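Try each task with the structure open, then compare your steps with the solution.

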Amino acid sequence: MKSRYWWFLAAVAFASGCGKPERIEAVQLSQVLKKNQANFATANSIEKDFVSNARAWSADITANGAGRGVQLDQNATVATELAKSAVAISVQLGQVRQAVYDLSLKEEYPQSVRDTLITQLAKRQRILQDMRASLEKSVPEFVEYRHSKTYAGDTYPVGIGELDALLQTYKPPEDAVGSALAGLKAKYKLSDTEL
């Protein structure tokens with residue numbers, strides 16, 4: 001009878017030890033997410049403002065043309081500044097992505113959460129990069145229009161058309177970091193003190 005008791009205790013001890021590395025990795029990932037949550041929220045907010053401004057600006061140009069004279073110079077400046085904003089947002093997202101990527105995870109669930117988050121951030125960075133490229137492409141065309149004697153002001157740079165198409169399909173950023181963190185907390189019953 002005693003040997004059965006010891007086998008039972010050994011089985012309980014073994015079972016309770018299973019999953020411990022997974023929980024440790026979940027805590028580590030959650031801590032990184034919690035640490036980067038504010039930066040991610042700021043990047044989301046800035047991205048929403050950036051897209052809103054870019055939409056209004058490009059919609060006006062696609063509807064009315066790039067303008068004439070000083071307006072062309074102003075549009076070239078706006079395109080340059082918007083491109084810089086796209087780069088800044090992408091850099092912020094890249095910092096969050098790198099922090100998550102740098103974690104050494106071996107357990108399946110924490111790895112899947114990390115991989116999903118990295119994929120989401122990389123996709124957003126690609127979209128921002130495409131927007132930046134379209135904006136930068138339009139700057140020399142605005143300048144060229146400014147110096148052209150035949151330009152009537154009713155057309156617009158190819159880059160603005162590309163930007164407008166990207167903005168039409170753009171979906172606002174979700175709180176991917178918050179969702180990942182909430183999922184980890186729920187699955188592993190993590191307390192705020194562990195984070």
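**Exercise 1.** In which helix is Gln92 found? Decide as well whether Gln92 is buried or exposed.

*Solution.* Keep in mind that this is a predicted model.
- Step 1: look up the position; Gln92 belongs to helix 3.
- Step 2: take the relative accessible area, which is 19% for Gln92. The cut-off for buried is under 20%, so Gln92 counts as buried.
- Step 3: list the partners beyond four places in sequence. Gln92 touches Asn39, Thr42, Ala43 and Ile46.

**Exercise 2.** Work out where Ser58 lies and which residues Ser58 is in contact with, leaving aside neighbours within four places in sequence.

*Solution.* 
- Step 1: Ser58 is part of helix 2.
- Step 2: the relative accessible area of Ser58 is 0%, so this residue is buried.
- Step 3: once the neighbours within four places are set aside, the contacts of Ser58 are Ile160, Leu163, Asp164 and Leu167.

**Exercise 3.** Describe the overall build: how many helices and strands does the protein have, and what does its radius of gyration say about its spread?

*Solution.* 
- Step 1: count the elements; there are six helices and zero strands. Read from the N terminus, the order is α-α-α-α-α-α.
- Step 2: compare the radius of gyration with the globule rule. The protein has 25 Å, well over the 16 Å that the rule gives for 195 residues, so it is more spread out than a compact globule.
- Step 3: check the extent of the C-alpha trace, which spans about 100 × 25 × 25 Å along the principal axes.
- Step 4: turn to burial and contacts. Of the 195 residues, 37% count as buried. Among contacts between residues at least 6 apart in sequence, 85% join residues at least 24 apart.

**Exercise 4.** Explore the largest nonpolar core: which residues touch the most other members, and which helix supplies the largest share?

*Solution.* 
- Step 1: the core holds 47 residues, and those touching the most other members are Leu29, Leu33, Phe50, Trp57, Leu135, Phe142 and Leu184.
- Step 2: see where the members come from. Helix 2 (20-64), helix 3 (70-101), helix 4 (108-147), helix 5 (158-169) and helix 6 (176-188) each give at least two residues.
- Step 3: the largest share, twelve residues, belongs to helix 2.
- Step 4: zoom in on one member. Beyond four places in sequence, Leu29 touches Val100, Leu103, Leu105, Pro110, Val113, Arg114 and Leu184.

Note on methods
Residues are numbered from 1 along each chain as its sequence is written. This is a predicted model: local features need pLDDT of at least 70, side-chain atom pairs count only at pLDDT 80 or more; totals for chains, interfaces and linings use all residues. Side-chain values use heavy atoms; hydrogens and water are left out. Helices (H or I, at least four residues) and strands (E, at least two) are DSSP runs, numbered from the N terminus. The radius of gyration is taken over C-alpha atoms; the globule rule is 2.2 Å times the number of residues to the power 0.38. Buried means under 20% relative accessible area, exposed over 50%, partly exposed in between (1.4 Å probe, protein chains only). Contact means heavy atoms within 4.5 Å. A nonpolar core is a set of buried Ala, Val, Leu, Ile, Met, Phe, Trp, Tyr and Cys residues joined through side-chain atoms within 4.5 Å.
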